[in-house]
Amino acid sequence: MPLKWRWVLIAFVTLLSVYLCYPLQQKIKLGLDLKGGIHLVMQVKTDDAIKASLDLDMETLRAELAKRGVTPERIEHSGVDRMIVSGVDPAKGSELRELVSAQFSAYDLSAKGGGAFELRLKPAQARAIRETSVRQALETIRNRIDKFGVSEPVVQQIGFAGGGGEQILVQLPGIQNTERVKELIGSPAYLEWKLVSIPPGYRPEDFQRVCPAPQERILSLFNGSLPGDTELYPSEHQQAGETLYWPCKKASPITGKDLKDARRGSGRIGEAVVDFRLTPDAGQRFEDLTRANEGQLLAILLDKKVISAPRINAVIRDSGVIEGSFDVDSAEDLAIKLRSGALPAGMELLEERTVGPSLGADSIRQGIVASLLGAVLVVIFMLVYYRFSGVNANLALALNILLLLGAMAYFRATLTLPGIAGIALTIGMAVDANVLIFERIREELRLGRTVKSAISGGFGKAFSSIVDSNLTTLIAALFLFAYGSGPVRGFAVTLCIGILANLFTAIFVSRAIFDWFLGTKGRVEQLSI
């Protein structure tokens, strides 16, 4: 390429890099270790997702068996991935086998004798449920964090689902309220509406004054045993020493999946509430439900706890209010969780670290000081050892760092403390490339070559060595980026970009500077190197 066009290309790349990275504070994102924030590693309890799937299948199996006239004594869990159907009439065993073969192919059926059968979830099906639950948890957490307003979060799976890697890494730069974040991203947020079962002889408004109540008290109101379609659910509002319950129907006519939107709002006296809207289909069902049960109590449950049980005073169609003991933050967080959907399984916190902003500022200062000190020493060494050619190397080095910052800004890469180490390593590799070239040029000069021939020969002989060393390092950095996480990725990003910039500046820019020098000086007898 003619020298003129090489300078045009170098000028274009330089100006583009300046444009991309200016102003630096706004264009370069800082990672958790530099900005401060929260680092969490959470384990997805995928067993919960399998149990939930089994619960659903158990209800379906019970209903389908009833249609065929089969009424087993019990259908219950037996371990995480299997259920036991017991008390089946031996004459009806074939009905059960036929049903499982036709509609429950995800299970292996085996007879246990005495009218008992075991349905075990097939391993491939269990693995698929685990993988799906991890993917759903990732998506839900991302949605919640996005709605929470955290900039530049890191939410990623660690390892592979089904292989012991059902963990999720969450890094939130700039966030310090750990407890609020943990509650926001770790709560399942499964919302349900259930009708409250009213004991015989009670009016709903009178029962509302009694509940929530201890279990014994509620059972006594129902003459010792609950109706078959009723279960006790703990109230969110408890008193010391006793657990209080609400008796609610098992069926949930409306759930969180039916929500179209949820927002924090204000109640009649200005208290924080959550306003919700339902989808058109759910709105019609809600209208039918409230019309048929006007005057009854409708419990609102979050994660199987009753947060309120208001009386249905009028027909409600597609919008309403969730009341509870909310403050502004908790109402906002509940609305966020409802908008982003429920987690498919529970979460367990495995690791928690909080990096303070002052520690991050110290890291930035120390990293910058170390990098600048290293760069200054390198510049001085190159000037002393290679004289004019050292100026060439230093110009290439400065452009190398500028290209690196511009590329980081363009790719919205995050600068971390290991990333600063990657920049320092890049500086070293850039200098190493120039040293290789300069030493080859010196060898050519000692052999009696002309300056022009020595420069051409030096670049030619050093080219393969520079490409080989940078290419192997680039491959290693790409693997670090692909399989690493957090700080490791930060290191890999700066190293990858730095190596590519290094190849451009050491081979292309440095050669252009030498060619410019030869072109302006006419015949050059000596080279300062």
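Predicted model: local features only at pLDDT ≥ 70, side-chain atom pairs only at ≥ 80, totals over all residues.
Visitor: Let's start with H6 and H11: are they parallel, antiparallel, perpendicular or oblique to each other?
Guide: Helix H6 covers residues 123–148 and helix H11 covers 328–340, and the two pack with their axes 9 Å apart. The angle between them is about 140°. Roughly antiparallel would need an angle over 145 degrees, so H6 and H11 count as oblique.

Visitor: Which residues of H11 does H6 meet, and how many residues in that contact are charged?
Guide: H6 brings Thr-140, Asn-143, Arg-144, Lys-147 and Phe-148 to the contact. Sorted by class, the contact has 2 nonpolar and 3 polar residues, and the charged ones number 5.

Visitor: H6 packs with H4 too, so what is the handedness of the crossing of H4 and H6?
Guide: The axes of H4 and H6 come within 9 Å and cross at roughly 120°. That angle makes H4 oblique to H6. As for the hand of the crossing, it's right-handed.

Visitor: What classes of residue make up the contact of H4 with H6?
Guide: From H4 you have Thr-46, Asp-47, Ala-49, Ile-50 and Ser-53. They meet Ala-126, Ile-129, Arg-130, Ser-133 and Val-134 in H6. By class, that comes to 2 charged, 3 polar and 5 nonpolar residues.

Visitor: On to salt bridges: which residue does the side chain of Glu-95 meet in one?
Guide: A search of the whole structure turns up 31 salt bridges. In the one with Glu-95, the N to O distance is 3.4 Å. Glu-95 is in helix H5 (residues 93–103), and its partner lies in the loop between helix H4 and strand S3, 27 residues apart from it. That partner is Arg-68.

Visitor: Are Glu-332 and Arg-264 buried, partly exposed or exposed?
Guide: Their side chains form a salt bridge at 3.0 Å, N to O. The pair links distant parts of the chain, with Glu-332 in helix H11 and Arg-264 in strand S13, 68 residues apart. Buried takes under 20% relative accessible area and exposed takes over 50%. Glu-332 has 24% and Arg-264 has 39%, so each counts as partly exposed.

Visitor: Which helix holds both Arg-511 and Asp-515, and is Asp-515 buried or exposed?
Guide: These two side chains meet in a salt bridge of 3.3 Å, N to O. Both residues lie in helix H16 (residues 487–521), 4 residues apart, or about one turn of the helix. Residues three or four places apart on an α-helix point the same way, because there are 3.6 residues a turn. Arg-511 is partly exposed at 23% relative accessibility, while Asp-515, at 17%, counts as buried.

Visitor: Last one: what do the buried residues of H7 pack against?
Guide: Helix H7 runs over residues 178–186, and its buried residues are Thr-178, Val-181, Lys-182, Leu-184, Ile-185 and Gly-186. Helices H6 and H11 are among the elements they pack against. Three strands complete the list: S2 (37–44), S8 (167–173) and S18 (347–355).

Technical notes. Residues numbered from 1 in each chain as written. Heavy atoms only, no water. Axes fitted to C-alpha atoms, helices over the stretch in contact; angles between N-to-C directions. Parallel < 35°, antiparallel > 145°, perpendicular 65-115°, else oblique. Contact = heavy atoms within 4.5 Å. Nonpolar A, V, L, I, M, F, W, Y, C, P; charged D, E, K, R; others polar. Salt bridge = Lys/Arg side-chain N within 4 Å of Asp/Glu carboxyl O. Buried < 20%, exposed > 50% of the residue type's maximum accessible area, 1.4 Å probe, protein only. Left-handed = near helix turned anticlockwise from the far one by under 90°.
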